[in-house]
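Subject: A structure for you to look at

Hi there,

Here is the structure I promised to pass on. Have a look at it first, and then read my notes below.

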Amino acid sequence: MTKSIAVMGSGNGSNFQAIVEYFKGKDVKITCVSDKLNAYILERAKNLGVDFKYLPFEENAEYFGANNFDLIVLAGYMRILPPDVLNLGKFVNIHPSLLPAFKGKDAIQRAFFAGVKVSGVTIHWVTDELDGGKIIAQYPVLISNEMHFDEFECEIHALEHKLYPIVIEKILEDKVFDFADLLGGCGSCKGGCSQCH
Ligand code: GRF
(Lines give C-alpha, C1' and ligand atoms only; values in the text may rest on other atoms or scores of the structure.)
Protein backbone atom coordinates (compact mmCIF):
# COMPACT_ATOMS: atom_id res chain seq x y z
CA MET A 1 0.00 0.00 0.00
CA THR A 2 1.24 3.48 -0.82
CA LYS A 3 2.65 5.30 2.18
CA SER A 4 2.43 9.03 2.39
CA ILE A 5 4.85 11.37 4.08
CA ALA A 6 5.08 15.13 4.50
CA VAL A 7 8.52 16.72 4.62
CA MET A 8 8.55 20.04 6.48
CA GLY A 9 11.37 22.53 6.06
CA SER A 10 12.02 26.25 6.38
CA GLY A 11 15.15 26.63 4.27
CA ASN A 12 17.53 24.98 1.87
CA GLY A 13 15.90 21.55 1.54
CA SER A 14 18.94 19.38 0.73
CA ASN A 15 17.62 16.62 3.03
CA PHE A 16 14.24 16.88 1.36
CA GLN A 17 15.90 16.38 -2.03
CA ALA A 18 17.87 13.37 -0.78
CA ILE A 19 14.61 11.86 0.49
CA VAL A 20 12.84 12.45 -2.84
CA GLU A 21 15.72 10.88 -4.76
CA TYR A 22 15.86 7.86 -2.46
CA PHE A 23 12.14 7.13 -2.77
CA LYS A 24 11.99 7.61 -6.54
CA GLY A 25 10.22 4.57 -8.00
CA LYS A 26 9.13 3.36 -4.54
CA ASP A 27 5.59 3.32 -3.25
CA VAL A 28 5.88 6.47 -1.15
CA LYS A 29 4.02 9.70 -1.86
CA ILE A 30 5.85 12.82 -0.71
CA THR A 31 4.41 16.25 0.00
CA CYS A 32 6.70 19.18 0.75
CA VAL A 33 5.50 21.72 3.29
CA SER A 34 7.19 24.97 4.27
CA ASP A 35 6.34 27.75 6.68
CA LYS A 36 8.47 30.14 4.59
CA LEU A 37 6.96 31.30 1.34
CA ASN A 38 10.33 31.93 -0.31
CA ALA A 39 12.19 28.92 1.07
CA TYR A 40 14.41 27.12 -1.41
CA ILE A 41 12.87 23.82 -0.33
CA LEU A 42 9.66 24.83 -2.17
CA GLU A 43 11.68 25.66 -5.28
CA ARG A 44 13.33 22.25 -5.09
CA ALA A 45 9.91 20.58 -4.79
CA LYS A 46 8.71 22.41 -7.88
CA ASN A 47 11.81 21.37 -9.85
CA LEU A 48 11.54 17.77 -8.67
CA GLY A 49 7.85 17.54 -9.54
CA VAL A 50 6.80 16.94 -5.94
CA ASP A 51 3.55 18.35 -4.47
CA PHE A 52 4.29 21.32 -2.27
CA LYS A 53 2.48 23.69 -0.01
CA TYR A 54 3.20 26.91 1.81
CA LEU A 55 1.82 26.28 5.29
CA PRO A 56 1.94 29.13 7.81
CA PHE A 57 2.82 27.91 11.30
CA GLU A 58 -0.62 28.89 12.64
CA GLU A 59 -2.34 26.58 10.12
CA ASN A 60 -0.44 23.39 11.03
CA ALA A 61 -3.17 21.97 13.29
CA GLU A 62 -5.89 22.45 10.71
CA TYR A 63 -3.76 20.97 7.91
CA PHE A 64 -2.51 17.90 9.77
CA GLY A 65 -5.98 17.36 11.22
CA ALA A 66 -7.41 17.22 7.70
CA ASN A 67 -4.57 15.28 6.00
CA ASN A 68 -3.45 11.90 7.20
CA PHE A 69 0.25 11.18 6.69
CA ASP A 70 1.99 7.97 7.74
CA LEU A 71 4.93 10.07 8.87
CA ILE A 72 5.80 13.75 9.08
CA VAL A 73 9.47 14.39 8.53
CA LEU A 74 11.10 17.59 9.76
CA ALA A 75 14.12 18.60 7.71
CA GLY A 76 15.40 22.01 8.70
CA TYR A 77 12.03 23.12 10.09
CA MET A 78 12.88 26.06 12.32
CA ARG A 79 9.91 26.19 14.72
CA ILE A 80 8.91 24.19 17.78
CA LEU A 81 5.64 22.37 17.15
CA PRO A 82 3.11 22.44 20.00
CA PRO A 83 1.49 19.28 21.45
CA ASP A 84 -1.86 19.88 19.71
CA VAL A 85 -0.06 19.56 16.35
CA LEU A 86 2.27 16.75 17.44
CA ASN A 87 -0.75 14.71 18.53
CA LEU A 88 -1.98 14.67 14.94
CA GLY A 89 0.74 12.38 13.59
CA LYS A 90 4.16 10.77 14.00
CA PHE A 91 6.89 13.39 13.67
CA VAL A 92 10.63 12.75 13.23
CA ASN A 93 13.52 15.20 13.03
CA ILE A 94 17.16 15.12 12.03
CA HIS A 95 19.82 17.03 13.94
CA PRO A 96 23.48 17.49 12.95
CA SER A 97 25.10 16.47 16.25
CA LEU A 98 25.12 13.52 18.60
CA LEU A 99 22.21 14.53 20.80
CA PRO A 100 21.82 15.38 23.60
CA ALA A 101 25.01 17.33 22.90
CA PHE A 102 24.73 20.58 20.93
CA LYS A 103 20.98 21.03 20.74
CA GLY A 104 19.66 24.01 18.79
CA LYS A 105 21.06 26.19 16.04
CA ASP A 106 24.58 26.05 14.53
CA ALA A 107 25.24 22.65 16.07
CA ILE A 108 27.84 21.65 13.46
CA GLN A 109 29.88 24.77 14.08
CA ARG A 110 29.52 24.69 17.86
CA ALA A 111 30.59 21.04 18.05
CA PHE A 112 33.60 21.59 15.80
CA PHE A 113 34.88 24.71 17.54
CA ALA A 114 34.35 23.19 20.97
CA GLY A 115 37.03 20.73 19.82
CA VAL A 116 35.01 17.54 20.14
CA LYS A 117 36.67 14.53 18.54
CA VAL A 118 33.43 12.73 17.71
CA SER A 119 30.21 14.30 16.53
CA GLY A 120 27.60 13.02 14.09
CA VAL A 121 23.95 12.93 13.16
CA THR A 122 20.86 12.06 15.19
CA ILE A 123 17.33 11.17 14.10
CA HIS A 124 14.75 11.43 16.84
CA TRP A 125 11.04 11.58 17.57
CA VAL A 126 9.76 15.11 17.93
CA THR A 127 8.40 16.56 21.16
CA ASP A 128 7.75 20.17 22.09
CA GLU A 129 11.20 20.31 23.68
CA LEU A 130 13.89 21.57 21.28
CA ASP A 131 15.78 18.55 19.84
CA GLY A 132 14.62 16.68 22.93
CA GLY A 133 12.60 13.64 21.76
CA LYS A 134 13.67 10.03 22.04
CA ILE A 135 16.55 9.01 19.80
CA ILE A 136 15.85 6.60 16.93
CA ALA A 137 19.21 6.47 15.15
CA GLN A 138 22.67 8.00 15.44
CA TYR A 139 25.82 7.79 13.39
CA PRO A 140 29.21 9.21 14.35
CA VAL A 141 31.72 11.32 12.45
CA LEU A 142 35.28 11.36 13.77
CA ILE A 143 37.10 14.70 13.79
CA SER A 144 40.82 14.38 13.31
CA ASN A 145 43.23 17.15 14.27
CA GLU A 146 43.89 17.84 10.58
CA MET A 147 40.23 18.21 9.63
CA HIS A 148 39.02 21.62 8.48
CA PHE A 149 35.58 22.92 9.36
CA ASP A 150 34.33 22.87 5.75
CA GLU A 151 35.34 19.26 5.38
CA PHE A 152 33.57 18.33 8.60
CA GLU A 153 30.43 20.19 7.59
CA CYS A 154 30.35 18.41 4.21
CA GLU A 155 30.76 15.07 5.89
CA ILE A 156 27.90 15.75 8.30
CA HIS A 157 25.56 16.78 5.47
CA ALA A 158 26.54 13.81 3.29
CA LEU A 159 25.83 11.52 6.24
CA GLU A 160 22.44 13.17 6.85
CA HIS A 161 21.46 12.63 3.24
CA LYS A 162 22.39 8.96 3.44
CA LEU A 163 20.97 8.13 6.86
CA TYR A 164 17.65 10.02 6.93
CA PRO A 165 15.95 8.28 3.96
CA ILE A 166 16.99 4.83 5.21
CA VAL A 167 15.62 5.49 8.70
CA ILE A 168 12.39 6.95 7.26
CA GLU A 169 11.94 3.81 5.17
CA LYS A 170 12.47 1.58 8.22
CA ILE A 171 9.91 3.57 10.19
CA LEU A 172 7.39 3.25 7.35
CA GLU A 173 8.03 -0.51 7.29
CA ASP A 174 7.51 -0.57 11.04
CA LYS A 175 11.01 -1.93 11.50
CA VAL A 176 12.14 0.64 14.03
CA PHE A 177 11.58 -0.46 17.55
CA ASP A 178 12.96 0.06 20.96
CA PHE A 179 14.93 -2.92 22.27
CA ALA A 180 13.25 -2.30 25.60
CA ASP A 181 9.98 -3.40 23.93
CA LEU A 182 11.43 -6.89 23.69
CA LEU A 183 12.06 -6.98 27.41
CA GLY A 184 8.47 -6.05 28.25
CA GLY A 185 8.67 -2.93 30.35
CA CYS A 186 6.35 -1.88 33.12
CA GLY A 187 4.02 -0.17 30.69
CA SER A 188 4.93 3.39 31.33
CA CYS A 189 8.67 3.33 30.67
CA LYS A 190 9.04 0.49 28.14
CA GLY A 191 11.73 -1.17 30.24
CA GLY A 192 14.76 0.00 32.09
CA CYS A 193 13.18 1.83 35.02
CA SER A 194 13.58 0.69 38.62
CA GLN A 195 10.10 -0.91 38.60
CA CYS A 196 11.03 -3.23 35.73
CA HIS A 197 13.93 -4.89 37.50
C1 GRF B 1 20.24 19.99 8.52
O2 GRF B 1 21.59 20.11 8.90
C3 GRF B 1 19.43 19.36 9.60
O4 GRF B 1 20.14 18.45 10.36
C5 GRF B 1 19.03 20.53 10.45
O6 GRF B 1 18.81 21.57 9.54
C7 GRF B 1 19.58 21.36 8.37
C8 GRF B 1 18.65 21.40 7.21
O9 GRF B 1 19.35 21.40 5.99
N10 GRF B 1 17.89 20.22 11.26
P11 GRF B 1 18.56 21.26 4.63
O12 GRF B 1 17.47 22.32 4.62
O13 GRF B 1 17.97 19.89 4.57
O14 GRF B 1 19.58 21.48 3.56
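Helices (H or I, at least four residues) and strands (E, at least two) are DSSP runs, numbered from the N terminus. Please keep in mind that this is a predicted model, in which local features need pLDDT of at least 70 and side-chain atom pairs count only at pLDDT 80 or more, while totals for chains, interfaces and linings use all residues. Residues are numbered from 1 along each chain as its sequence is written, and side-chain values use heavy atoms, with hydrogens and water left out.

Let's start with helix α1. Seven of its 10 residues are buried (under 20% relative accessible area, with exposed over 50% and partly exposed in between; 1.4 Å probe, protein chains only), so α1 is largely enclosed by the rest of the structure. The buried ones are Ser14, Asn15, Phe16, Ala18, Ile19, Val20 and Phe23. Their cover includes the strands β1 (3–9), β2 (28–34), β4 (71–74) and β5, together with the helices α2 (40–48) and α6. Just after α1 comes Gly25, with a positive phi of about 80 degrees.

How do α1 and α6 pack? Helix α1 (residues 14–23) and helix α6 (residues 149–172) meet at an angle of about 55 degrees, with their axes 9 Å apart. Axes here are lines fitted to C-alpha atoms, for helices over the stretch in contact, and angles run from 0 to 180 degrees between N-to-C directions. The two helices are therefore oblique to each other (under 35 degrees is roughly parallel, over 145 roughly antiparallel, 65 to 115 roughly perpendicular, and the rest oblique). On the α1 side, the residues in contact include Ala18 and Tyr22, and on the α6 side they include His161 and Tyr164.

Now for some backbone details. Most residues other than glycine have a negative phi, and most peptide bonds are trans. Leu99 and Pro100, however, are joined by a cis peptide bond, with omega about 10 degrees. Pro100 sits in the loop between β5 (91–95) and α5 (107–114), and the loop between β5 and α5 also holds Asp106, whose phi is positive, near 55 degrees. Asp131 has a positive phi too, about 50 degrees; Asp131 is in the loop between β6 (118–125) and β7 (135–142) and counts as buried at 11% relative accessibility.

Enjoy exploring!

Best wishes

Conventions. Contact = heavy atoms within 4.5 Å.
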